[in-house]
Each structure stands twice: as C-alpha cells, then as structure tokens.
Amino acid sequence: MKYLHLIWAALFRRKTRTILTLLSIIMAFLLFGLLDAVRVSFAEAGQSANGAERLQTGAKLSFIQPLPKSLQQQIAAVPGVKDVAHANWFGGAYQDPHNQIFTFAVSDNYLDVYPEVEVDANDRKAFDATADGVLVGDILMKKYKWKIGDRLPLQSQIFPNKEGSKNWSFQIVGTMKSKDNKAFQSQMIVLHWKTFDETTPYNRGAVGWYVSRVSDVNQSDRVAKAIDALSANSDHETKTQTEQAATKNWIKQMADIGLIVTSIMGAVFFTLVLLTGNTMMQAVRERTNELAVLKTIGFSSRKVLGMVLAESVMLLLLGGLVGLALVSIIGAALPAMSGGMINGAHVGAKSWGLGIALAVAIGFVVGAVPALRAMRLNIVDALAGR
Amino acid sequence: MANLVEIRNVSKVYERGKQKVEVLHHIELDIAKGDFLALMGPSGSGKTTLLNLIGGLDSPTDGSISVGGERIDRLGEGALAKWRSEHVGFIFQFYNLLPMLSAQKNVELPLLLTNLSAAQRKNNASIALQLVGLAERASHKPTELSGGQQQRVAIARAIVSDPDLLVCDEPTGDLDRQSAEDVLGLLQTLNRQHGKTIIMVTHDPKAAEYASHTLHLDKGTLVEQAQHA
Ligand SMILES: Nc1ncnc2c1ncn2[C@@H]1O[C@H](COP(=O)(O)OP(=O)(O)OP(=O)(O)O)[C@@H](O)[C@H]1O
Ligand SMILES: [Mg+2]
C-alpha cells in the first residue's frame, strides 16, 4: 500500500475539519455500539425465556406445605411436559446462622431443566456419583474462597440428620455458573434430594415443589391447568405458573426495542452520511488542482477514484474503530462503576463485525460521488482553474 | 537530428455550449531530440493549449501528434496517463506541488507509478533533489520554501523518472529575476548536460534567450522562427 501516505496526508490536509468529522463518526459508532449492546442483551434475555418454558408447581395453600413424590410421574405424563424435576428447601447457613445460603435438595434431573446453568461435564459426573456431593454457584465459590474437594459444613434451620444434629457436612464436587451470572444458581448450592430424604427423619419422601419444562411455550397455560387438575380436590391442591409469568412479554418488548434501536441508528447514520458526504465533497473540491497534478504526472483516473474512495473508507473506519473501542472501554468499566449492578455493554465479535461492515459501507457510499468527480476531472480545465 | 516531436496539421476546437472556438489552426511543427524550444505569443494565442497537446494532457480535434515515434493522439485516457508517466516531465507557473507532502515526497510522487522499491524511490528522489541543489531541503514542506526553491523541487519531480521531454508553462512567470535565472540555468543544464528535450512557454524575451530557438504563436497559428546562439 505505497499510496497510504498520500491518502493519509489528504485526509489530514484540513486537520480541524477532519478531527471534527472524526468526532461525529466516533459518536455515531459509540451510540451504535451501546445500542447494539442493549439490543443484544435484550435478545439474550429473550432467549433465556428458558423461563417461559418452565412451570413451577407448589402447594396451593402454602409454599411450606410439601407435595407427594408420586406426583412426579403424574406430571410427567401430562401431554406437553418434556421433563419434571423437583426440589426442597434445605435452608443452609455457613458458619454463622446469619450467613444464609440458598440451598436446595434437588432431584437428579434438576439441572436438566435449567439448561442455562453451566456445569462442567466432569463436575456433573462427580456430583451424580457422590451421595454427599454438592454443586456450588461460582459466585459463592469466589466469595468464600472454596475449592473443589473441600468439605463443606452447613447448618440446616429445620432438618436434623440421622444423628439428630442440624450440622450437616457435604463435599464440594463442582461449580455451577451461567453466562453473565444471570441464573440464580450461580449464587446457590444444590445437594441430592435422595441423600437429604434418606438422611433426615423428617422428610419421608416429600417434595417441596416441582419444576417442569414444556415442549411448546404457547401451551404453557394449558399444561399448567392440566397439572393443577391432577391434584384437584385432594389434600395437596397445587398452583402452577410459569417461572416468569411476565416472560411472554419479553418477545414483544424485544421486537419493540429492536425497532427503536434500528430507527435511531437509521437516523444517526443517515445524518452521518450527509455530514461526512459533505466533508468529502468539500475535501475533493478544494483539492481539484492537486488531483489534476496527480493525473498530469500519470496517475490514471481509476487510481484517483480508488484513492478518494480509500480516503473516505479510511475516515469512516478510523472513526468507527475508535467508537467501538470506546464502547468496549466504557462497557468494561460499567460493572465496576455500578458496583456490579449493570453487567456492562460488551462489544461482541458480531457487533464489531457489523460495525466495521457498516463503516466500510458508509465509507463507500460517502466516497462514491466525490470519487467519481475526481475520476472525471478534466486535467486541462482543472489546471487552468476552470 | 531525429525529431522527437512531429505535429501534423493539428487543430484544436473547444466547444463552449453551442459555440465552437478553434484555438489552434493546422499546426505543423517538428521538434528535434535535444532541442530547447521557447514558445512565445500573446495571451490567448494557444500556447498552453499546444503545450498540453504535446504533453499528452489533451487530444487534438484534428491532425496527428507523434512523440518518440508514438502516435499519442490515438492513445486512450489510461494509456495516455501511463505514457505521460514514462516520457514527460511537467513544470508549471505555480509549481503545483502537493502542499501536505515534503519536498522529498513530492519528488517521489512519479516514482510511485513505477516498480521501484521504497528504498530505490527514496534514493532516486534524493539524487534529483541534489541535482537541483536542494538536498538539504528534502524534509521541508512547500510552504517552507521560497518560490524559486519550490520551482526547483517541481523540476526535480519532473526529471526524477528520467523522461525524454520536459514541458514548461511559464516556469518563471511567478519568480523574481534571480530565481528565474536560477531556474532557467537549471533547465539549460538539463538540456545541454542531460540531453533533455525542453519546450517552454514564456512571455519573457530574456527567458527565451536561454532556449536554442523561439517560436511565436499568434491566434492559433505559428508565425515566425528565430534562432539563438
Ligand atoms: N477548455 C477550454 N474551453 C474553452 N476555451 C478554452 C479552453 N482552453 C482554452 N480555451 C481558449 O483557448 C484560447 C487559448 O488558450 P490558451 O490557454 O492556450 O492561451 P495561452 O496562449 O496559453 O494564454 P496565456 O498566455 O494567457 O496563458 C483562449 O481564448 C482560451 O479562452
Ligand atoms: Mg497559457
């Protein structure tokens, strides 16, 4: 690219104007990056409408009242139910009774109904094979500096073990995590329901609540009614609802956000095209004489066209890359600044790709007219100032 | 001596809207290899037009122009550009250097169109700058140079790819007497020592004296020929 210095020099021939133009390009791409991050995170939230596929079934009267284990097979037989897991409240405290940690005693297939929870295959195997094994959310692991293989003493509020003591001991066999720590499992502990049930004399086969997955989100309501019908008029009537009843709205909201983001970006980039188009046009117009000199020396019309186009693409790429880099920096700083409240606007490879493609495309659009003008420039007329 | 330039029955017509203006009428002209020709004549007589035709910047409406045996009036835009880059050096009244490039980079410009490596380009440009006596100004931008110095940089740029022909349109028109003499002396050296064929348009009879002979153009017709020593 031996013409690079020529293109670069042309670009910064009017430093102030180029820098101002660059600033507006940077701002546009900064906005693009942030809005795209918003759009992506909404899209992801919609995808974790895993929650919409899940139904929670608890006792109708009180959350505390247990349900019979036999209900599992009945629920599994309801048409539209893909999988049924169950859990019990264990109520663990670590070291100090005030140090409450969400601890559930769960069925073996519990993790299968939470596909967004990531458990290493080896950890899962170890958990399945270890009766007193527990899986711990990675946030907790970090918080208490636990390691896999550690013995974990937990105090239950309610349930004594075989010895009649509420002090239980487990073995940490693996960690649970989720992308962006969105799943609550990254802040809790699960142990085997079977171990729990066999160890404490108090439970006797009871289940706290069921979690089932439906094969079709649109059938959730029907399936929920069918599940509740199983226990109608029994001593353990149930109430079933989607894990996030509001989740359905996500899909609609997501579409709205996508539309808003697209409209804003459309307006921003339209303005950007006009602005940089004007800058490039001006830049070429005031360089008429120089372009004519290049042609005189023997630069072909096509070369001149290419150079002006390259200049325009470079301008947009420069601003675009800086803008996207700024989004990354701001995105990385956000979680720290907000104390973890905001998860940060990370610019994914896809957003980078889209941003760069946009910059190049706008560069071509904006450069096209000035480049054609430069290509058609008549040497003799230009040199004579006509 | 063999002719470098042969112009046969060349006419040039410009169309301004519906109006046609014939600027050159049936020009016949031979320029020998190694000649230093001054072209004089009143303003608007067609000097620049003729020079542009010889330099391959424009094409004649009628007639033929051959330079170094090549019928340049038959070349298309792209071929003509390539031909110019290989065979002609241009020197203008207002130097026409690129303002954002250093003298060195300005001189290297024509070499970008060759296959030379960056190091060779740099080297050749340095030699050309030495030849015009501006080696120590290589890193200066045009605005940091006097008019005479700028014109000498322009001459370095014109000769850096070693063309056979130099066309100069009023090269001293914007210079004081001393600078003009430097530039003219330089052109004369290029003509005599390096065998460059030079065609120079000028309004200044003193400048014309540096040439080996002078042609006069009047209303698009060559009128008279005067010999110098
Ligand atoms: N592209 C053009 N379109 C229309 N008319 C033109 C064009 N180029 C030149 N002319 C006309 O042709 C005539 C000769 O122009 P030219 O520039 O060759 O004159 P010149 O001898 O170089 O004059 P000067 O000494 O002022 O530079 C002028 O009348 C000019 O107006
Ligand atoms: Mg003229």
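Biologist: What should I know before I start?

Modeller: The model is predicted, so local features need pLDDT of at least 70, side-chain atom pairs count only at pLDDT 80 or more, and totals for chains, interfaces and linings use all residues. Residues are numbered from 1 along each chain as its sequence is written, chains are lettered from A and ligands numbered from 1 in the order written, and side-chain values use heavy atoms, without hydrogens and water.

Biologist: Which chains does ligand 1 lie between, and how many residues surround it?

Modeller: A residue is near a molecule if one of its heavy atoms lies within 4 Å of it. Here 15 residues surround ligand 1, with S43(B), G44(B), K47(B), T48(B) and T49(B) the closest. Ligand 1 lies between chains A and B.

Biologist: Which element gives the largest share of that shell?

Modeller: Helices are DSSP runs of H or I, at least four residues, and strands are runs of E, at least two. The answer is α1(B), with three residues.

Biologist: Which polar side-chain atom lies 2.9 Å from a nitrogen atom of ligand 1?

Modeller: A polar contact is a pair of N or O atoms within 3.5 Å. That side chain belongs to D381(A). An oxygen atom of ligand 1 lies 3.0 Å from a polar side-chain atom of H203(B), and a backbone N or O atom of G46(B) is also 3.0 Å from an oxygen atom of the ligand.

Biologist: Where is "transmembrane region" annotated in chain A?

Modeller: UniProt annotations may be inferred rather than shown by experiment. The unreviewed UniProt entry gives residues 257-277, 304-332 and 352-372. In the model, residues 257-277 of chain A are 100% helix, with end C-alpha atoms 29 Å apart.

How values were computed
Polar contact = N/O pair within 3.5 Å; in protein donor to acceptor, adjacent residues only side chain to side chain.
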